[in-house]
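Trainee: I have a model open. Please show me how to read its features, one by one.

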Amino acid sequence: MSNGDEIVRKRDSSGRYLTYSFSESLKARKRNRERDRRWREDHPKRMNLYRRRWKKAHPSKDARSKREYKKRNREIVLSAERRRRWKIRLKVISSLGGRCSRCGTDDPRVLQVNHVHGGGQQELRKLHLTNQQFHLRIANGSHTTDGLNLLCANCNVLYEYERGTYANFHPNVHKAIVRQES
Ligand SMILES: [Zn+2]
């Protein structure tokens, strides 16, 4: 080689030796990379399948890469979660009439899902659901809206007082109110 190029010997897939010069081999590698990249771009469905398979085969690596992505992109991830949660909330609120069933306020920031006959938290605990998961079920129609209504935060507190939920915890306050009313 007059240009000082090194000779590289490589086996091909059938085990035969191929002889390249070093610069040729670099060029070939670059070409192959480019070809692979284009293939991935042209086959998004296939890539999705491979990715899903890889995730299934490497659950702990997948979890780690998700964690690391989340750490690196905290704000993006959090705001996406917030947006998603609000979308679900608004859907639930509109499916329950969009207003507080007592005072009629329609500000979604203060509206809460209420079980008409009480026992909501016990039901969620029994089903091992978080509030968030419960909302999702209402939004996608897998939980009935029967027995549910909307109350704003204020009316919800008053409602709970009237049901006697808090009476036991604040006996003196409760007595004072009763005295005032009578
Ligand atoms: Zn209200």
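Mentor: Start with burial. A residue is buried if 20 or more other C-beta atoms lie within 10 Å of its own, exposed if 12 or fewer, and partly exposed in between, with C-beta atoms placed from the backbone. Helices (H or I, at least four residues) and strands (E, at least two) are DSSP runs, numbered from the N terminus. This is a predicted model: local features need pLDDT of at least 70, side-chain atom pairs count only at pLDDT 80 or more, and totals for chains, interfaces and linings use all residues. Residues are numbered from 1 along each chain as its sequence is written.

Trainee: What share of the protein chain's 182 residues counts as buried?

Mentor: 6%.

Trainee: Which residues form the largest nonpolar core?

Mentor: A nonpolar core is a set of buried Ala, Val, Leu, Ile, Met, Phe, Trp, Tyr and Cys residues joined through C-beta atoms within 7 Å. Here the largest has 9 residues: Val92, Ile93, Cys100, Leu111, Ile138, Leu150, Leu151, Cys152 and Cys155. Both α4 (74–95) and β4 (148–152) supply at least two residues of this core. The largest share, 3 residues, comes from β4.

Trainee: What does Cys100 touch, leaving out residues up to four places away in sequence?

Mentor: Contact means C-beta atoms, placed from the backbone, within 7 Å. Cys100 touches Thr105, Leu111, Leu150, Leu151, Cys152 and Cys155.

Trainee: What pattern does the protein chain follow along the sequence?

Mentor: The pattern is β-β-α-α-α-α-β-α-α-β-α-α. The radius of gyration, taken over C-alpha atoms, is compared with the globule rule: 2.2 Å times the number of residues to the power 0.38. The protein chain has 31 Å, well over the 16 Å that the rule gives for 182 residues, so it is more spread out than a compact globule. Its C-alpha atoms fill a box of roughly 110 × 30 × 30 Å along the principal axes.

Trainee: Where is confidence lowest, and where highest?

Mentor: pLDDT is the predictor's confidence in each residue, from 0 to 100. In the protein chain, the lowest mean is 67, in helix α8 (residues 171–181), and the highest is 96, in helix α2 (residues 44–57). The chain averages 87, and 91% of the residues score at least 70. Where pLDDT is low, the predicted coordinates should not be read in detail.

Key
Two residues are in contact if their C-beta atoms, placed from the backbone, lie within 7 Å.
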